[in-house]
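Please look over the sequence and the structure shown here. The paragraphs after them go through the contacts that one chain makes with its neighbours.

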There are 6 protein chains.
Amino acid sequence: MYQLGVVHRTIHRADRAAADRLAAFGSATVHEAMGRVGLLKPYMRPIHPGQQVSGTAVTVLLQPGDNWMLHVAAEQIQPGDIVVAAVTAECSDGYFGDLLATSFLSRGARGLVIDAGVRDVKTLGEMGFPVWSKAISAKGCIKATLGSVNIPVVCAGMLVTPGDVIVADDDGVVCVPAARAAATVEAAAAREANEGAKRDKLASGVLGLDMYKMREPLAQAGLRYVD
Amino acid sequence: MYQLGVVHRTIHRADRAAADRLAAFGSATVHEAMGRVGLLKPYMRPIHPGQQVSGTAVTVLLQPGDNWMLHVAAEQIQPGDIVVAAVTAECSDGYFGDLLATSFLSRGARGLVIDAGVRDVKTLGEMGFPVWSKAISAKGCIKATLGSVNIPVVCAGMLVTPGDVIVADDDGVVCVPAARAAATVEAAAAREANEGAKRDKLASGVLGLDMYKMREPLAQAGLRYVD
Amino acid sequence: MYQLGVVHRTIHRADRAAADRLAAFGSATVHEAMGRVGLLKPYMRPIHPGQQVSGTAVTVLLQPGDNWMLHVAAEQIQPGDIVVAAVTAECSDGYFGDLLATSFLSRGARGLVIDAGVRDVKTLGEMGFPVWSKAISAKGCIKATLGSVNIPVVCAGMLVTPGDVIVADDDGVVCVPAARAAATVEAAAAREANEGAKRDKLASGVLGLDMYKMREPLAQAGLRYVD
Amino acid sequence: MYQLGVVHRTIHRADRAAADRLAAFGSATVHEAMGRVGLLKPYMRPIHPGQQVSGTAVTVLLQPGDNWMLHVAAEQIQPGDIVVAAVTAECSDGYFGDLLATSFLSRGARGLVIDAGVRDVKTLGEMGFPVWSKAISAKGCIKATLGSVNIPVVCAGMLVTPGDVIVADDDGVVCVPAARAAATVEAAAAREANEGAKRDKLASGVLGLDMYKMREPLAQAGLRYVD
Amino acid sequence: MYQLGVVHRTIHRADRAAADRLAAFGSATVHEAMGRVGLLKPYMRPIHPGQQVSGTAVTVLLQPGDNWMLHVAAEQIQPGDIVVAAVTAECSDGYFGDLLATSFLSRGARGLVIDAGVRDVKTLGEMGFPVWSKAISAKGCIKATLGSVNIPVVCAGMLVTPGDVIVADDDGVVCVPAARAAATVEAAAAREANEGAKRDKLASGVLGLDMYKMREPLAQAGLRYVD
Amino acid sequence: MYQLGVVHRTIHRADRAAADRLAAFGSATVHEAMGRVGLLKPYMRPIHPGQQVSGTAVTVLLQPGDNWMLHVAAEQIQPGDIVVAAVTAECSDGYFGDLLATSFLSRGARGLVIDAGVRDVKTLGEMGFPVWSKAISAKGCIKATLGSVNIPVVCAGMLVTPGDVIVADDDGVVCVPAARAAATVEAAAAREANEGAKRDKLASGVLGLDMYKMREPLAQAGLRYVD
């Protein structure tokens, strides 16, 4: 349940080094490293493919059809932040375009994750400002009602606390609690350590059935082969 | 409510110069310039990114699974037109492919906006024929039942009258009534006039809060800052 | 109704030459050549545009959130196969990523059609491994419950029997029964034979109304022209 | 394309007798009698089963989350009217509850058809006020922005002009243009005239195949029977 | 992949006694007794609550917007059958109303399961004819194109073979292969045998944790209690 | 972000008297009294109409297809509680049926709000156990993976903390934070105080336009009347 009309200027951002390193692992590996929690619903899609970022969350709660609080949020952005925007009701309006992106970029923002629509998508692509959204819509917004900045929000079904690490790429968006950022880097690194060796084996024709020693558990589970 | 089996050969097209100029502003600016009306539902998406067109509407009413009237519509196309197709029921079939696109192009059409599916999307991209649609489907159509051409139609929730201006790009599709085309050009131009200056300011780090003088109305609305 | 826990090692693959030739016609032409049957629902979309393949189906039935059987299926892949994966319940999890793709490629697979989600989509694009799916999700899978391999499955609303030919491109995915593969090649070739001539005529300005002799049947159906 | 901020006090209502008589035929028969046009999308559902009404349309255009214009519309209601409400954007908020229903009833309204949400549904059922809507939601509305009353609106995909006849029951909602109301009564009556005889025949075991003489056209279409 | 234009007059119906007995267990118990397979997608809902039936499947494949084959199917109905209708493409039209229901009832049909829309729902309720459908729509159908009767069809994602047992109630629709009908009766009866005892225990306040001896496996899985 | 495998036995329940009194106001009035926050998404619907309850939340986090934690939750229920269940991924399976309802009732539960599916809906109706859910499905669950009990969960887009008050009826489900329960009772009572007088006025034909003194602000906003 949300408190409206509040801006928290002081938030506890996750460790910067950990927040920065998580991008390279990608959302799928980070999600695994977290024990398969933290993923926003898969309807959150990048508006342009190929972007891969991580950063600390500045959160915004918006009202339907009203993007006033995105201007308020801009002032709270620090270099390395990703803005995470939720709306108090379902809305596909275009809350964000090239002017706000210019402002966010000048504050050091690395991207936007918004549970609503955006516009000026062609220009956003040319600017290289990464956005994950639920919709694209030319419909702009008014500036009339208060939401909040830097309160915990529910974005695409996931609770995001200000300062959490956001990892986003073509596979989706994952939220890593600030307190778990460093441990997640380690767990993700451990997962990746032997991926190269596995990939080489599989490329050479070794089957996952053998590499992962699955034949016996499959047989025990009752798998039958028929010729 | 639709009349079936009628082709209107004479329609009142919007002023050509205005219809041509609106493309450059893009759907988001035009939608604002119209007072935030005229936008088709955001499920209408370009089948290839990067297209940006405007033109006068030739409308078609289609029956589900039947694209006969698109051939009838082709004859009514004049250079600078965009075909706007509605269907009498929900349908995702592929009504339009490379052969019809070839025919439309030879008549001078600038694009197609269709509340249904299309196919041959790879070839349409190679031809550079812009299409906004609700779906993509390999399923072709029969040619058996009458619809109409150049009657007012409801396309993706918006009423489109023959001769209206259609503006379409990556952000969506907007319909500008013929009678308002010239005024909309002016309003859109006015909106754009000082966008460059705004962008420069924001890029230099000036906040929207200050540039738009939002701090006082936000305080009056009750916004509280917490450290 | 599915039998769980069975792997059929011997399947009757469609004629190889026919299976290989169908890719070039594309899904739309093949769907027409089949008499407009065999199309999977249009929510099945390529994760990257521009891929166009055909091949023989190796089928997999998966459990929700569990991709164990994809490893079992890998062993049954022969060069020229396309894996077709169904799930026993709605699921958008990411069942397939770059490691499985490496394994599938090493077995000679030409692609994957899956009624669920995939991940590592950027890497899959770099690898050039074609995938058609219902969703993209970073959420991985467990390996705990049995499904089946090479039984008839329902994928995106279409019954696919092992050995059937799958034709997939930007327009969608079509299933051609093995027994009809050769006849479908002929029918598709016949359809294409005079497409070039038609395209030239339409490009020169001849109307489909005249080329297809539609004016009389339209008049008989009651079409009225109004000036 | 809508004009905002206008209330038309004078509308041309369909012939009262015809408007009143259409309820008894029901939406399915009226839709047939119209030649299968005029049906609102099937997501428009009654909030309580068993209601069956017809009346003349008073139309309202609403803004998202704002029900101010429903109060404006109330004054324009005459006995025998049905209020048809559209919204300028997708919205599922609860625009209408028991107080507005009390007011509408006191003006003689026969029901509400709204392309959005309503609330107080239990009380509305107890009051016997018929409503067809897209959603049910406890979320109320503000009263801040202008729409219009008695302009043509697009409601659930259908163009409704003030004064048209609305026929609504458990099967859906149909719009009959005022000018066609009388003819539609006749056509609907003609359709119903021999329904009783048909029903008796079918109940006695006569097959539709024989009653409608379908066997020959089915055979000509190529239907084969296999034992 | 479907064959069009064929009616199979001879089908192998499941054992009548087994088909009749399954209704009493309900879809949930039968689905469990089958090992959790056979359930049609949950968007298949009864048009009226409280119906609970089982019977042998007569299958129909329909074309979009065309209900001709339902008349053909009527002749193939035997007492105790349930008609299962699939469509070759997504369609929400109203394929079935009170006249067809009268005919089906006179043939001894126990219900209809249709992956499309129906109409006359109020009358169908008064007649007590049970229907499970994807939609309700006043839009009627034409009678122009061939489908098939009594071929295997995919209905709401499930493969249904003519003669299979259909069990349908407020929880959904399950398909039991004819060959497994008798065994499923036994398995369902075994499941139900001690349900009464369980219910009494739970009603008396015994926890499922204790009745099912879950405390130890939960602890082993790592569940921690915090005060 | 969720912690898995934890059961909090001690939660701070909202004031009992306040929690009990809120039911009578209904979800719409409570939502208004809260300042229009706290509403779960409107896809949460009662499985039977006419139920109206309030109570203190016991929360459960479930895994997809697994209802093990509902048994764990049962032990934490105290008289006057409503169980609020979230799932870590989208799932429509039937997590809850008559046996669990028997157990919940014996513990004093007043209802269930679940962001997934339930089954045995006919029996649940006969038992009078109120349920709000996203889906109905005959598909049962396994008992294999840990979730948590009495942690904050996101249910249908809303953050619910254990001990919050849940108010649910035919209009939807609202969550009132424990700390605001008493104040919300007062605000709701104040709203209701003069509803009777308003209703009488409106019933007598007084327009909302006059009763709420809207004519002047409408005129100031620019509303024009046209004859």
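By what turn and what shift along the axis can chain B be laid on chain C? A turn of 120 degrees with a shift of 0.0 Å along the axis does it, and the RMSD is 0.0 Å. The two copies are thus related as by a three-fold rotation axis. For this superposition, copies are fitted by least squares on the C-alpha atoms of residues with pLDDT of at least 70 in both.

The model is predicted, so local features need pLDDT of at least 70 and side-chain atom pairs count only at pLDDT 80 or more, while totals for chains, interfaces and linings use all residues. Residues are numbered from 1 along each chain as its sequence is written, chains are lettered from A and ligands numbered from 1 in the order in which they are written, and side-chain values use heavy atoms, with hydrogens and water left out.

Begin with the side of chain B that faces chain C. Contact here means heavy atoms within 4.5 Å; by that rule, 35 residues of chain B meet 34 residues of chain C. The size of an interface is often given as the accessible area lost when the parts come together. Between chain B and chain C the buried area (accessible area, 1.4 Å probe, that two parts lose on being put together, summed over both) is about 3,100 Å², and carbon and sulfur atoms give 59% of it. W68(B), L99(B) and A138(B) lose the most area in chain B to chain C, together 19% of what that side buries.

Four salt bridges are found across the interface of chain B and chain C, a salt bridge being a side-chain nitrogen of Lys or Arg within 4 Å of a carboxyl oxygen of Asp or Glu. One of them links R9(B) and D227(C), at 2.9 Å from N to O. Which elements of chain B each supply at least two residues of the side that touches chain C? They are β1 (6-8), α2 (68-76), α3 (98-107) and α4 (121-127). Helices (H or I, at least four residues) and strands (E, at least two) are DSSP runs numbered from the N terminus. The largest share, seven residues, comes from α2(B).

Strand β1(B) runs parallel to strand β12 (residues 224-226) of chain C, and three bridges join them; strands pair if DSSP finds at least two bridges between them. V6(B) has R224(C) as its bridge partner in β12(C).

Now turn to the side of chain B that touches chain A. This contact takes 34 residues from chain B and 35 residues from chain A. About 3,100 Å² is buried between chain B and chain A, with 59% from carbon and sulfur atoms. The interface of chain B and chain A holds four salt bridges. In one of these, D227(B) meets R9(A), with the closest N and O atoms 2.9 Å apart. On this side of chain B, α1 (16-33), α6 (195-203), α7 (208-211), α8 (215-220) and β12 (224-226) each supply at least two residues. Helix α6(B) gives the most, with five residues.

Strand β12(B) pairs in the parallel sense with strand β1 (residues 6-8) of chain A over three bridges. Within β12(B), Y225(B) is the bridge partner of V7(A).

Some chains do not meet. Chain B and chain F have no contact, and their closest C-alpha atoms lie 14 Å apart. Chain A and chain E do not touch either, with their nearest C-alpha atoms 14 Å apart.
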